[in-house]
Amino acid sequence: MSNPDAKAFEDKLLTIDLVDGLRREQERLDAALADAGRMQELRTEIQTYYAQAGITVSDALIDKAIAERQAQRFTFRPPALGLAGRFFANCYIYRGYVGAAAAALAVASFSGWYADRQYDAYQEEQALATYRDGLQQQLSAIQASEDAVTALPATLPAIESALIPALPNWLLDLQASYQQARLPLNEAEACWNLELPAELPLQWSGEAELARCHGNLAGVQTSTARASQLQAEHRQLATAVTSYDLLQQRLTANPTLLEWNAVATPSKAAQSATAVGSNRQQFTAAVGTAAAAADSLSNAINTHTAASSCLSSAAGEASGGDRDALNDLLNEGLAFKQSDSLDGLASWSSRASNTCEFFNSDFSLRIVSERGEQTGTWRYYGNNRDARSYYIIVDAVTAGGADAEAIFESAEDQQTHQQSRFGVRVSERVFESVRRDKEDDGVIRNATIGQKPGDSLSWQLNDGFEPSFIAEW
């Protein structure tokens, strides 16, 4: 078909379509005009019906009824719907609310599902953490025992001494006991390579082996403690052997130490304990006692010897009560040689040296008269407040005026004191005389009240002064 023919055919179709549209409009118009006629006929029929019935009805009422009928005819009445139809219709009508409810339900369902998944994951994570912590505690306990076992040597080191015949037997016994204690420790070495994997499953394949190693831990700890104890006993024995060798060297170099019972007795006991078949614990104890006594005596013997020599010389020059006092002190020092203990030896040596120096010293007693210093005091003894004991405070000084240390016994505590300033008992007459002398011009005349001459322990005091002293006032 050529282009002009196609164009003509298209125009024909469009014209036909237009004619059909006008025709349908005309038909609707005719129907509307015919309906108005029918309504008029209906009105007449109704008027005739009521007229024949003898009922008076106004035209306005008939027209109103016809109008309402026409309205009912053109009102849309939806078809009756079943349960499903009403449901879907309501869903469509309220589709906004339904959509929101459906969305909320979907969100709630998803949230519940997601929370449940997260809770399950959390529980699984917690269970895994608890599982790992339990395994780690067991592993840490095993590793702690490993550190203790590793610190123990494979064998105990050797100890040598030509002076102790029983030493080889003691070492054999210690070594055998030590190796016996180490047997469970050697078996435990297989457990030291255990470690937890980085990604630990809840059912770890190495759990049974770890539990077995942890179950044997008590036995390993017991064996470790026993091996450590044997190692400590070995160290004690090594120390005792060294001390014994040094003690023998010391006794050989200074045999005078054996003159002292406190050294000779434990030394003999230690030597007896070196024989084959003896007990190493007894040997260790005896050597410790002998070495300690030898150490103490070595530090004090020179001072003791010097003090004894000085006392012996002083006693030879003294007479009467001084000689007796010096001999008593000398015999007290010599008694230490027969004693099993050296307790008090250093104190005696110091006291003896001071006494000997005091015996050889020559000094005077001078009344204290410096400004601000107390010159006299008194005491009440017992419940008699009417009876006083008077004391003048004095300084012990050398011939050159320097302070000297005097040794005296206090009348109040019966203890021996050594000090430069102290109180000397006087009569009330002398006390008042000294008080008036000091109050007069602050200067005490005839301040020297006596002396202690050299080569003597006795005091030579002026009239009215008694050899009774106090250390505090």
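Cys356 has a relative accessibility of 1% and therefore counts as buried, a value that comes, like the others in this report, from a predicted model. The cysteine to which Cys356 is joined is Cys310, and the computed distance between their sulfur atoms is 1.5 Å. Cys310 belongs to helix H9 (residues 280-317) and Cys356 to helix H11 (residues 345-360), so that the pair links distant parts of the chain, 46 residues apart.

**The disulfides**

The structure holds 2 disulfides. A disulfide is a covalent bond between the sulfur atoms of two cysteines. Besides the pair already described, Cys191 and Cys213 are joined, with their sulfur atoms 2.0 Å apart. This pair also links distant parts of the chain, since Cys191 lies in the loop between helix H5 (167-187) and helix H6 (207-215), whereas Cys213 lies in helix H6, 22 residues away. The link of Cys191 and Cys213 is left-handed, with -80 degrees about the S-S bond. Cys191 is buried, its relative accessible area being 7%, and Cys213 is buried as well, at 4% relative accessibility. When the bonded cysteines of the chain are numbered in sequence order, the pairing reads 1-2, 3-4.

Rolling a probe the size of a water molecule over the atoms shows where empty space is left.

| Pocket | Volume |
|---|---|
| Largest pocket | about 410 Å³ |
| Second largest pocket | about 170 Å³ |

The largest pocket is lined by 14 residues, and those closest to its centre are Thr355, Ile407, Phe408, Thr416 and Leu457. Helix H10 (320-334), helix H11 and strand E4 (406-409) each contribute at least two residues to this lining. Sorted by class, the lining of the largest pocket comprises 9 nonpolar, 3 polar and 2 charged residues.

Helix H11, which carries Cys356, also carries Thr355, one of the residues closest to the centre of the largest pocket. Is Thr355 buried or exposed? Thr355 is buried, because its relative accessible area is 13%, and the limit for a buried residue is under 20%. A polar atom of the Thr355 side chain lies 2.8 Å from the backbone oxygen of Arg351. When residues up to four places away in sequence are left out, Thr355 touches Leu326, Leu329, Ile407 and Leu457; Ile407 and Leu457 are also among the residues closest to the centre of the largest pocket.

The second largest pocket has 13 lining residues, and Val430, Ser433, Val434, Asn446 and Phe465 lie nearest its centre. Helix H12 (428-441) and strand E7 (448-452) each supply at least two residues of this lining, and H12 gives the most, with 5 residues. By class, the lining of the second largest pocket divides into 6 nonpolar, 4 polar and 3 charged residues.

**Loop residues**

Where in the chain is Asn446, one of the residues nearest the centre of the second largest pocket? Asn446 sits in the loop between H12 and E7, the helix and strand that each supply at least two residues of the lining of that pocket. Asn446 is exposed, because its relative accessible area is 73%. Although Asn446 is not a glycine, its phi is positive, at about 55 degrees.

A positive phi of about 55 degrees is also found at Gln414, which is not a glycine either. Gln414 lies in the loop between E4 and strand E5 (416-419), and E4 is among the elements that each supply at least two residues of the lining of the largest pocket.

Gly372 occupies the loop between strand E1 (363-367) and strand E2 (376-380). Gly372 counts as exposed, because its relative accessibility is 80%. Between the C-alpha atoms of Gly372 and Ala293, which are 79 residues apart along the chain, the separation is 51 Å.

Notes: Residues are numbered from 1 along each chain as its sequence is written. This is a predicted model: local features need pLDDT of at least 70, side-chain atom pairs count only at pLDDT 80 or more; totals for chains, interfaces and linings use all residues. Side-chain values use heavy atoms; hydrogens and water are left out. A disulfide is a pair of cysteine sulfur atoms within 2.5 Å. Helices (H or I, at least four residues) and strands (E, at least two) are DSSP runs, numbered from the N terminus. Buried means under 20% relative accessible area, exposed over 50%, partly exposed in between (1.4 Å probe, protein chains only). On a 1 Å grid over the protein atoms alone, a cavity is a set of points where a 1.4 Å probe fits but cannot get out, and a pocket is an open set with protein on both sides within 12 Å along at least five of seven lines; lining residues have an atom within 4 Å of a point. Grid points are joined across faces, edges and corners, and a volume is the space filled by probe spheres set on the points. Ala, Val, Leu, Ile, Met, Phe, Trp, Tyr, Cys and Pro count as nonpolar, Asp, Glu, Lys and Arg as charged, and the others, Gly among them, as polar. A polar contact is a pair of N or O atoms within 3.5 Å; within protein, one must be able to donate a hydrogen and the other to accept it, and residues adjacent in sequence count only if both atoms are side-chain atoms. Contact means heavy atoms within 4.5 Å.
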